[in-house]
Amino acid sequence: MATGVNIDSAVELIINSKFAIAFTGAGISVESGIPPFRGKDGLWSKYDPNVLDLNNFFLNPIDSWKVIKEIFYDFFGAAKPNAAHFALSEMEKMGLIKAVITQNIDNLHTDAGSKEVYEFHGNSRMLVCPYCGHNYLTSEVNLNDIVPLCNQCHGVLKPDFIFFGESIPALAYQKSVEAAEKADLVIIIGSTGEVVPASMIPSVAKQNGAQIIEINPEKSLFTSTITDVFLQGKATEMMTQLINELKKSKI
Ligand code: APR
């Protein structure tokens, strides 16, 4: 469990930072009802990760879409931001963090009001046609079709998040690396650190001298390698404590 000493150290680091950023993973959305990918109750213990393999998607779009719709639209779509997402958005308004780099595709940072959000793995709001490049908002498409098709060229639409085997969206990558190079503090929330290149982002910051605060109920690959202050606990509990202390120290 995070001790008062750790919370105090984290608050001090945040207040003294000039360019703090957050780096979030699936764990920040767990308390919004979205399970993480890895671990005992993770999505990949129930579903075949092959549905997000690009080649498999093009070979078996009907089977893939059935599962993709269930996980990423029926299930994720109903989720609402939690106290940790709102605390990050408040910290941005207070000028205490400059950007959120997220591996999540669930849109919950934006829904919570965060403005500077770099979606490292894309997002589920948009669908793209891989054949003609036409983009659609999810709301413009009938997700109950066996496979949603492009109005323009009738190609199979693909969610605008990255599948295994795809590269990171160029703009999100560029902005994330730039922010990591500038950062003097990174707050990592709810990530195992097992997925590259995303997990390199906090390391880039660390190499440039940034301090690292990490929030996670479990140790991750970051904990014993780059983390300076480990707040062991759930995202909502730790972020609520942090934001309350930060508000007090601003008065
Ligand atoms: N609060 C904070 N962290 C939590 C909570 C919680 N309430 N519950 C679980 N966690 C932590 C877990 O201990 C774990 O370290 O969240 C982490 C989730 O790990 P992963 O599922 O591996 O998520 P992430 O690191 O974001 O995965 C990266 O993998 O499949 C890809 O593209 C997918 O973006 C995803 C990427």
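This is a predicted model: local features need pLDDT of at least 70, side-chain atom pairs count only at pLDDT 80 or more; totals for chains, interfaces and linings use all residues.
Cysteine 150 takes part in no disulfide either, and its nearest cysteine sulfur, which belongs to cysteine 132, is 3.7 Å away. Cysteine 150 is buried as well, at a relative accessible area of 1%. How many disulfides does the rule count here? The count is 0.

Now to the domains. The assignment divides the protein chain into domain 1, made of 1-34, 81-121 and 168-251, and domain 2, made of 36-78 and 123-161. The C-alpha centres of these two domains are 27 Å apart, and where the domains touch, 12 residues of domain 1 meet 10 residues of domain 2. Between them about 1,000 Å² of area is buried, with carbon and sulfur atoms contributing 64% of this. On the side of domain 1, the residues that lose the most area to domain 2 are Ile34, Ile105 and Glu119, which together account for 47% of what that side buries.

What holds a charge pairing across this boundary? There is 1 salt bridge between domain 1 and domain 2, and glutamate 119 forms a salt bridge with arginine 125, with the closest N and O atoms 3.0 Å apart. By class, the side of domain 1 that touches domain 2 has 5 nonpolar, 4 polar and 3 charged residues.

How values were computed: Residues are numbered from 1 along each chain as its sequence is written. Side-chain values use heavy atoms; hydrogens and water are left out. Domain bounds come from an automatic or database domain assignment. Contact means heavy atoms within 4.5 Å. Buried area is the accessible area (1.4 Å probe) that two parts lose on being put together, summed over both. A salt bridge is a side-chain nitrogen of Lys or Arg within 4 Å of a carboxyl oxygen of Asp or Glu. Ala, Val, Leu, Ile, Met, Phe, Trp, Tyr, Cys and Pro count as nonpolar, Asp, Glu, Lys and Arg as charged, and the others, Gly among them, as polar. A disulfide is a pair of cysteine sulfur atoms within 2.5 Å. Buried means under 20% relative accessible area, exposed over 50%, partly exposed in between (1.4 Å probe, protein chains only).
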